[in-house]
Amino acid sequence: MSDGKLAGKVALVTGSSSGIGQGIAVRMAKDGADIVINYSGRIEGAQETQRQVEALGRKSTIVQADISKVADCQSLVNAGWDALGKVDILVNNAGVEKGADFWDVTEADYDLVLGVNLKGPYFTTQAFVQRLLKANLPGRVINISSVHEDMVFPHFSTYCASKGGIRMLMRDLAVELGPKNITVNNIAPGAIITPINKGLMQDHAKLDPLLRNIPLGRMGTVDDVAAMASFLASDDAGYVTGSTYVVDGGLMRNYHEQ
Ligand code: BGC
């Protein structure tokens with residue numbers, strides 16, 4: 001067993017085939033955890049995560065699931081739990097965003113964004129909690145939210161609705177699950193270098209003013225976010241529940257609309 005701060009733990013990270021989820025999976029493996037890797041559409045990304053996790057000497061399993069479907073949330077948790085013997089840490093990371101003027105938003109886009117970003121974490125957490133209660137084990141739930149759980153993002157109303165929802169879900173569950181020794185926290189990343197921001201990073205008309213709004217003067221990296229996730233999953237954070245931890249280079253304190 002590793003002697004890292006997550007030694008002996010198993011973490012399930014949704015959407016760990018790319019971006020922040022992949023970074024968290026690898027960081028938690030570095031810190032000693034075995035990893036349930038999840039992808040929805042691109043197995044190659046999940047296999048790359050697995051390669052990195054196993055190169056660190058950790059065990060892993062890959063489970064395909066579209067978390068916008070409740071049955072998939074349940075089979076993800078159950079398959080991951082059964083493959084690695086338990087799950088201690090759930091990271092609800094998978095997320096999508098669709099930009100559109102409010103008056104043009106379609107039902108399909110609404111269902112996609114709310115399905116992946118809010119319904120998915122809701123029912124994945126429910127399946128996780130059901131297993132924890134049955135096994136009488138403590139647990140950690142970490143939701144990868146966004147600065148936009150609090151801060152406006154015009155033309156991304158579905159995204160804001162989903163992230164605002166996950167802020168209140170986290171607060172509510174922290175109170176309901178605290179007596180079961182399950183902690184629930186959010187991480188609110190700002191502008192991070194990931195596939196979700198591919199368009200932004202090529203569009204200097206949008207990127208340059210954004211960078212001017214970030215007091216630390218740069219976009220964040222997946223490692224910046226993964227370090228916070230690993231801390232919240234560790235014993236050091238045993239008394240931490242019910243809050244959002246912002247990892248945004250100061251953006252939230254210094255945001256101006258164009
Ligand atoms: C969004 C990015 C955006 C960032 C800062 C994130 O939650 O996914 O598209 O650049 O917030 O506004």
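How do helix 4 and helix 5 lie relative to each other, roughly parallel or roughly perpendicular? Before the answer, a quick word on the model: it is predicted, so to speak, with local features needing pLDDT of at least 70 and side-chain atom pairs counting only at pLDDT 80 or more, while totals for chains, interfaces and linings use all residues. Residues are numbered from 1 along each chain as its sequence is written, and side-chain values use heavy atoms, with hydrogens and water left out.Now for the helices, which are DSSP runs of H or I with at least four residues, numbered from the N terminus. Two packed helices are described by the angle between their axes and the distance between the axes. The axes here are lines fitted to C-alpha atoms over the stretch in contact, and angles run from 0 to 180 degrees between N-to-C directions. Angles under 35 degrees count as roughly parallel, over 145 as roughly antiparallel, 65 to 115 as roughly perpendicular and the rest as oblique.

Back to the opening pair. The axes of helix 4 and helix 5 (residues 157-177) cross at roughly 15° and come within 8 Å, so these two helices are roughly parallel to each other. On the helix 4 side, the residues in contact (heavy atoms within 4.5 Å) include Tyr110, Leu114, Tyr122 and Val129. Helix 5 brings, among others, Tyr159, Ile166, Leu169 and Leu177. The residues of this contact divide into 13 nonpolar, five polar and one charged. In this sorting, Ala, Val, Leu, Ile, Met, Phe, Trp, Tyr, Cys and Pro count as nonpolar, Asp, Glu, Lys and Arg as charged, and the others, Gly among them, as polar.

Helix 4 (residues 107-135) also packs with helix 3 (residues 70-84), at an angle of about 40° and with the axes 8 Å apart. Helix 3 and helix 4 are therefore oblique to each other, and the crossing is right-handed. Among the residues that meet are Val70, Cys73 and Trp81 from helix 3 and Gly120, Phe123 and Arg131 from helix 4. This contact splits into ten nonpolar, four polar and three charged residues.

Helix 3 also holds Asp72. Setting aside neighbours within four places in sequence, Asp72 is in contact with Ala65 and Asp66. A polar atom of the Asp72 side chain lies 2.7 Å from the backbone nitrogen of Asp66.

Helix 1 (residues 19-30) and helix 2 (residues 43-55) make another pair, with axes that come within 9 Å and cross at roughly 20°. Helix 1 and helix 2 are therefore roughly parallel to each other. Their contact involves Gln22, Ala25, Val26 and Ala29 of helix 1, with Glu48 and Val53 among the partners in helix 2.

Finally, the ligand. The residues around the ligand (a heavy atom within 4 Å) include Glu97, Ser146, His148, Tyr159 and Leu251. Polar side-chain atoms lie 2.5 Å from a ligand oxygen atom in Glu97, 2.7 Å in His148 and 2.7 Å in Tyr159.

Methods
A crossing is left-handed if the near helix is turned anticlockwise from the far one by less than a right angle, and right-handed if clockwise. A polar contact is a pair of N or O atoms within 3.5 Å; within protein, one must be able to donate a hydrogen and the other to accept it, and residues adjacent in sequence count only if both atoms are side-chain atoms.
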